[in-house]
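Subject: Structure handover

Hello,

Please find the structure below, followed by notes on what was found in it.

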Amino acid sequence: MTIETKDKGIVYDVKGLNLWYGQDQALRDINMQIYKNQVTAVIGPSGCGKSTFVKTLNRMVENIPIVRIGGEILYHGENIFDKSVMVEELRTKVGMVFQKPNPFPKTIYENVLYGPKIHGIRDKKVHMEILETSLKAAALWDEVKDRLGDNAYGLSGGQQQRLCIARALAVQPEVILMDEPTSALDPIATQKIEDLINQLKENYSIIIVTHSMQQAGRISDKTAFFLMGELIEYDDTSKIFSNPAKKQTEDYITGRFG
Amino acid sequence: MRQRLENKLLEIHETLVKMSILVEENVDWSIRALTMQQTKMADEVIENDDLIDSYEEKIEDMCIEFIATQNPLGSDLRRIFTVLKLITDLERIGDHAVNIARITKTIGDETLLEPIDDIKEMAKITRKMIYNSINSYIDQNLDLAMETAAMDDTVDDLYEGVYDELLDIMESKSEFKGQVIGLLLVGRYLERIADHATNICERVGYMITGKRMSY
């Protein structure tokens, strides 16, 4: 068996990215490369542009009418703002999990299979396979396998969040964007999601916005620090939290502001 | 916002400074006891070491609590790890002062051999190294740390000289065999103390720059 050197690959190459909400510039000349099969954490104080940045990676941010974007984001070498790029295809490859678990008011089964069904998969056998693989990959299978027909709202917050991850995985993405996925969860549910992230990076590239520096430290390989729309520092997580190069980073991680 | 963290850091810092003063003083006393042949003073040096050890434990506990409750990062993290490393070096220095005191007691009032002058010189530099290394920590002074670490070479050279001289004496005046061995060990202990002071300087360099330093 040949082992692919996946970890060397670049998933995203962001070049001179600028973004405005009307007159307000939210992102300023962002340049960074995001690597395959790694967890990249994005940190920074509220309003620094980190969520905007992550939502730009799957063009979710364009849902806001007053947004203007400049610069390029190359996804596997292709500019995602190019006219030839279908936004639906991009979002199939780049899944997203939000701060608050947002399952559909449907059964667990339907939640996971929502995406695959939209993509035209009708075969029941394939459905069951996707259901099991996705729920297993999201470390939820054992807890729900006997009640797949129950409404997702009956699950705990942590389980709902893992269901949302399973739902994202069901359409076989390459990248998973996570916007503060554990901020509404208790420490045990948080631990489960963190363990899950660590397992998922074998097969996916994960970009996570987090307010918890301890969380960024625990789970990520690289950390990007944003401040007032600028990417101040981007380096190995161990370096950022033990010996950052920039004073603003040091001030932020030691709680001198933010 | 950082008030609680700053207060705790300050408390650890002050306790470490107290420990370092005790260590420095005990080394000073151990050398005085040796050169002035004061066995009573040597006993005091041995007794004082218990206090130094208790300081080490106390600071270690404070650091663990600090890490557990304050989740230090960046320079705070480097600082707390530096303190944890420094106290080990300081404690070892303290142990060597005790070793020197024990030898002082075995020599008793036997006339001291000539290499004692070079040992005094070694002790003088070593003491300065301890003093400076601690000051480089207190003042976060990288230049002082580097200068101080460089003094280790002089101590090593003096030790070599003392070693050779004592070996010669061992052959010519075999009746002083016991004292020769004792002074050889004192030389060795001083050389080790200087090494620990050098370690402290290296740790301080890491604390300030975030890069490993080695002299």
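**Salt bridges**

B:Arg192 counts as partly exposed, at 28% relative accessibility. Buried means under 20% relative accessible area and exposed over 50%, with partly exposed in between (1.4 Å probe, protein chains only).

Before going on, some conventions. This is a predicted model, in which local features need pLDDT of at least 70 and side-chain atom pairs count only at pLDDT 80 or more, while totals for chains, interfaces and linings use all residues. Residues are numbered from 1 along each chain as its sequence is written, chains are lettered from A and ligands numbered from 1 in the order in which they are written, and side-chain values use heavy atoms, with hydrogens and water left out.

B:Arg192 forms a salt bridge with B:Asp195, and the closest N and O atoms are 2.7 Å apart. A salt bridge here is a side-chain nitrogen of Lys or Arg within 4 Å of a carboxyl oxygen of Asp or Glu. B:Arg192 and B:Asp195 are three residues apart in helix H7 (residues 177–209) of chain B, so about one helical turn separates them. Helices (H or I, at least four residues) and strands (E, at least two) are DSSP runs, numbered from the N terminus. B:Asp195 has a relative accessible area of 17% and is therefore buried.

In chain B, the side chains of B:Arg2 and B:Glu6 meet in a salt bridge of 3.1 Å, N to O. B:Arg2 is buried, at 9% relative accessibility, whereas B:Glu6 is partly exposed, at 34%. In chain A, salt bridges also link A:Glu143, A:Arg162 and A:Lys192 in a network.

**Strands of chain A**

Strands of a sheet pair through backbone hydrogen bonds, either parallel or antiparallel. Two strands are taken to pair if DSSP finds at least two bridges between them.

Chain A has an open sheet of four strands in the order S2-S1-S4-S5, with antiparallel pairing. Strands S2 (24–35) and S5 (78–79) of chain A stand at the edges with a single partner strand each, so one side of each has no neighbour in the sheet. Strand S1 (residues 10–21) of chain A pairs with S4(A) over eight antiparallel bridges, and the bridge partner of A:Asp13 in S4(A) is A:Leu74. Strand S4 (residues 67–75) of chain A in turn pairs with S5(A) over two antiparallel bridges. There, A:Tyr75 stands opposite A:Glu78 in S5(A). The hairpin of S4(A) and S5(A) has two residues between the strands, and A:His76 in this hairpin takes a positive phi near 50°.

Another hairpin is formed by S9(A) and S10(A), with two residues between them, and A:Met228 in the turn has a positive phi of about 45°. Strand S9 (residues 222–227) and strand S10 (residues 230–236) of chain A pair in the antiparallel sense over six bridges. A:Thr223 has A:Asp235 as its bridge partner in S10(A). S9(A) also pairs with strand S3 (residues 39–43) of chain A, in the parallel sense and over four bridges; A:Val42 stands opposite A:Ala224 in S9(A).

Is S9(A) covered on one face or on both? Both faces are covered, with A:Lys222, A:Ala224 and A:Phe226 buried on one side and A:Thr223, A:Phe225 and A:Leu227 buried on the other.

**A buried histidine in chain B**

B:His96 lies in helix H3 (residues 74–107) of chain B and is buried, at 12% relative accessibility. B:His96 and B:Ser30 are 66 residues apart in sequence, and their C-alpha atoms are 9.1 Å apart in space.

Regards
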